[in-house]
Amino acid sequence: MTLDQFRHVADRILDPFVTLSSRLGLTPDAVSVVAFVLAGGAGGAFYLGGDEPVWYLAGAVLVFLNGWLDLLDGALARELGTDSKAGDLLDHVLDRYADIVVISGLAAGLGRYALGLAAVTGVLMTSYLGTQAQAVGLDRVYGGLLGRADRLALVGVTGALAAFVTATPAGLSVVGWLLVVFAVVGHFTALQRFYYSWRALA
């Protein structure tokens with residue numbers, strides 16, 4: 001299900017935005033920081049959405065903007081020839097904090113803290129296994145059922161839906177079901193990446 005395989009398509013769409021960012025003098029690191037700030041705003045909006053569902057729509061917009069800028073920072077770095085290990089480190093650290101803030105906001109808005117913990121650990125372990133493969137000498141792993149692009153898309157779509165749909169079967173809201181997906185499929189994806197890496201090293 002991973003959308004990361006379409007990254008090359010996104011790169012082509014990004015070309016005019018990369019050109020504009022370059023002309024404005026933006027740096028990849030600055031774009032990464034702005035993307036994180038938007039994620040923080042999304043987390044706050046999702047928290048408020050637990051009481052006022054219209055906030056979910058604002059959170060969805062901020063998540064889509066975060067995802068767009070997350071693609072833009074890398075494309076801009078390659079265009080400017082400034083891609084570096086330091087920039088990659090900053091990008092990954094901010095991405096992980098963004099994941100934490102967004103999922104925490106979703107869970108706190110519902111008061112579902114245990115479910116939020118299961119979801120955020122699934123997401124973090126998925127990302128960890130992707131980069132840990134690279135740390136032991138393999139290529140960075142983006143595969144599995146639920147990559148970061150998939151998560152952002154699901155959060156955005158679910159956030160927009162939650163602004164209008166407040167009840168679903170089994171007593172969980174659409175946001176609650178999203179957290180279930182992240183908890184279950186996130187950990188499954190992490191295990192997929194572990195299995196791939198283990199087989200490659202064996």
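Predicted model: local features only at pLDDT ≥ 70, side-chain atom pairs only at ≥ 80, totals over all residues.

Trainee: Where do the axes of α6 and α7 stand, and at what angle do they cross?
Mentor: The axes of helix α6, residues 148-162, and helix α7, residues 174-201, come within 9 Å, and the crossing is at roughly 165°. With angles over 145 degrees counted as roughly antiparallel, α6 and α7 are therefore roughly antiparallel to each other.

Trainee: Is that crossing left-handed or right-handed?
Mentor: The crossing of α6 and α7 is right-handed. The residues of this contact comprise 8 nonpolar, 1 polar and 1 charged.

Trainee: Which residues of α7 take part there?
Mentor: Val 174, Val 175, Leu 178 and Phe 182 in α7 do. They meet Arg 151, Leu 154, Val 155, Thr 158, Leu 161 and Ala 162 in α6.

Trainee: And how do α5 and α7 cross?
Mentor: Helix α5 spans residues 113-135, and its axis and that of α7 come within 7 Å, crossing at roughly 25°. That makes α5 roughly parallel to α7. The crossing of α5 and α7 is left-handed.

Trainee: What classes of residue make up the contact of α5 with α7?
Mentor: The contact divides into 13 nonpolar, 10 polar and 1 charged. On the α5 side the residues include Gly 122, Val 123 and Met 125, and on the α7 side Phe 182, Gly 186 and Arg 193 are among them.

Trainee: Changing topic, how many cavities of 30 Å³ or more are there?
Mentor: The count comes to 2.

Trainee: Which residues line the largest one?
Mentor: Its lining consists of Val 63, Ala 98, Asp 99, Val 102, Ile 103, Val 123, Arg 148, Arg 151, Leu 152, Val 155 and Phe 182. Helices α4, residues 85-110, and α6 each supply at least two of the lining residues. By class, this lining has 8 nonpolar, no polar and 3 charged residues.

Trainee: What about the classes in the lining of the second largest cavity?
Mentor: That lining has 4 nonpolar, 2 polar and 5 charged residues. Among them are Asp 70, Asp 73, Asp 91, Asp 95 and Arg 148.

Trainee: Which helix gives the largest share of that lining?
Mentor: Helix α4 does, with 4 residues. Helices α2 (28-49), α3 (54-80) and α4 each supply at least two residues of the lining of the second largest cavity.

Note on methods: Residues numbered from 1 in each chain as written. Heavy atoms only, no water. Axes fitted to C-alpha atoms, helices over the stretch in contact; angles between N-to-C directions. Parallel < 35°, antiparallel > 145°, perpendicular 65-115°, else oblique. Left-handed = near helix turned anticlockwise from the far one by under 90°. Contact = heavy atoms within 4.5 Å. Nonpolar A, V, L, I, M, F, W, Y, C, P; charged D, E, K, R; others polar. 1 Å grid on protein atoms, 1.4 Å probe; cavity = no way out; pocket = protein on both sides within 12 Å on 5 of 7 lines; lining within 4 Å. Points joined across faces, edges and corners; volume = space filled by probe spheres on them.
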